[in-house]
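Let's take a walk through this chain, one stop at a time. Have the sequence and the 3D view open as you read.

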Amino acid sequence: HFRWARKEPEVFQTVSDGLKKLYKTKLLPLEESYKFHEFHSPALEDADFDNKPMVLLVGQYSTGKTSFIRYLLEQDFPGMRIGPEPTTDSFIAVMHGDTEGVVPGNALVVDPKKPFRKLNAFGNAFLNRFVCAQLPNPVLESISVIDTPGILSGEKQRISRGYDFAAVLEWFAERVDRIILLFDAHKLDISDEFSEVIKALKNHEDKIRVVLNKADQIETQQLMRVYGALMWSLGKIVNTPEVIRVYIGSFWSHPLLIPDNRKLFEAEEQDLFKDIQSLPRNAALRKLNDLIKRARLAKVHAYIISSLKKEMPSVFGKENKKKELIGSLGDIYKRIEREHQISPGDFPNLKKMQDQLQAQDLTKFQPLKPKLLESVDDMLANDIAGLMVLVRQEETQRPNPVVKGGAFDGTLDGPFGHGYGEGAGEGIDEAEWVVARDKPAYDEIFYTLSPVNGKVTGANAKKEMVKSKLPNTVLGKIWKLADIDKDGMLDDEEFALANHLIKVKLEGHELPPELPAHLVPPSKRKIPE
């Protein structure tokens, strides 16, 4: 057994190809050997690797989940119902299709092209509550959206659902690219079922974004309080070091009730849209990331199962030993942690594992097989690095795949684009030079700076410009924009322009990278040939 005869990492054509092969050849054998699929999550299929990025919407009933999807698509989708009472009691996968229609759950889980085959494990009670709404919509060409049943508050519906709601959500969470939690700003209570659901999304915090919806229905002061309360209650449920990003707004196409925060909502919406639009670009990386997470859990699982097998007697006292082992599973975790240097965060939930072990025959478990573990380690240490390079290559070669259509196109160009006609964009569609309005005031200052041949020197202009208290880096940028003929001096027009840009900056707007055409003084505009 020569260590140096290491085989070269495999070569793959595409990232999803590579992931499929690595999974089947290196990780799947380990999963099968130690019953990973019975304990944690079913085997992955080709469709899991080939599918479009998916966005999962989760929230209590009537927080506006269905309206949010309608808002993004700017069209109704088949099977949608909107109302104040709990309406969506099904999981609806909203996907692209050439014709409009609804595919029921039982048909969905036999379609190998869709990533839902393994959902049949949740049984008929769930499948009767799962449909796919297909429709031709440009937004859906690059992402799919999954609408979930509104989470109710109280014990009753947990029993009446008839399937394990949290487990289904966890299944989706593992496979989607973004999880959006929706909250309603004017009734912010997090029910028990909701906090349980958020806990089920643990380990996927990196995918979670929060939307505080219907924020136009409350006054600013109240909104601040609600935002604070939301951050506080989320902090108790989701323990991540960094603060989860919350987008505040009103995501439906109705007039704002209280328009005071319009600008804030616009900026937040732009940020959220950018986040969703980046999903196709990061999809390969996300799948790679999820495979690594899965491999680490599978390794830990193998150690746990083989440790239990090792302790089991072969003939007598099996039942008592089984009880004792399940009882001391926590200590077994600690031992594995020490022996294999594994961080405690990689272990499956102790209580859940103990429950699952009750139903298992521990004598049938497999002992430790170093070969299987080696090939997973080899995958993590070598093959994944090769795929990372490929991810980068694919990103640079592909034209930027951005989500288009629907609400994403609403504000791109034209006067309703974010920030249009503000700051440096002020006066963009006026015939007059916008700086001319305040030029008389700027001229008075200009003539106190002893201009020579109609120009003030850089040193004299500087004395005046620093009065704005703006940092030198900013003033330097303003100077570059204002000194149009680059002669190191400013004439009266350039000086007025510099002051106009200082005003733009002081009002809290960004400076443009180049001077926009409408800010160039009329006398300096190139006469078209």
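## A loop residue with positive phi

Start at Glu74, which sits in the loop between helix H4 (65-73) and strand S2 (91-96). Helices here are DSSP runs of H or I with at least four residues, strands are E runs of at least two, and both are numbered from the N terminus. Glu74 isn't a glycine, yet its phi is positive, near 55 degrees. Its relative accessibility is 48%, so Glu74 counts as partly exposed; the cut-offs are under 20% relative accessible area for buried, over 50% for exposed and partly exposed in between (1.4 Å probe, protein chains only).

Gln341 also has a positive phi without being glycine, this one near 50 degrees. Look for Gln341 in the loop between helix H14 (329-340) and helix H15 (350-358). With a relative accessible area of 68%, Gln341 is exposed.

## Some ground rules

This is a predicted model, where local features need pLDDT of at least 70 and side-chain atom pairs count only at pLDDT 80 or more, while totals for chains, interfaces and linings use all residues. Residues are numbered from 1 along each chain as its sequence is written, and side-chain values use heavy atoms, with hydrogens and water left out.

## The domains

The chain splits into domain 1 (15-44 + 285-397), domain 2 (54-278) and domain 3 (423-524), with bounds from an automatic or database domain assignment. Taken over C-alpha atoms, the centres of domain 1 and domain 3 are 64 Å apart.

## Strand S4, covered on both faces

What about strand S4 (residues 130-135)? Six of its six residues are buried, so S4 is largely enclosed by the rest of the structure. Phe130, Cys132 and Gln134 are on one side, Val131, Ala133 and Leu135 on the other. In a regular strand, side chains alternate between the two faces of the sheet.

S2 and S4 run parallel, joined by six bridges; strands pair if DSSP finds at least two bridges between them. Met95 stands opposite Gln134 in S4. Strand S3 (residues 101-104) pairs with S4 in the antiparallel sense over four bridges, and Val102 has Ala133 as its bridge partner in S4.

## Helix H17, a two-sided helix

In helix H17 (residues 439-448), the buried residues are Lys439, Tyr442, Asp443 and Phe446. They cover an arc of only 105 degrees around the axis (from directions between helix axis and C-beta atoms), which puts them on the same side of H17. Pro440, Glu444 and Thr448 are exposed on the other side.

The buried residues of H17 pack against strand S9 (455-457), strand S10 (489-491) and helix H20 (492-506), with contact meaning heavy atoms within 4.5 Å. After H17 comes Ser450, with a positive phi near 40 degrees.
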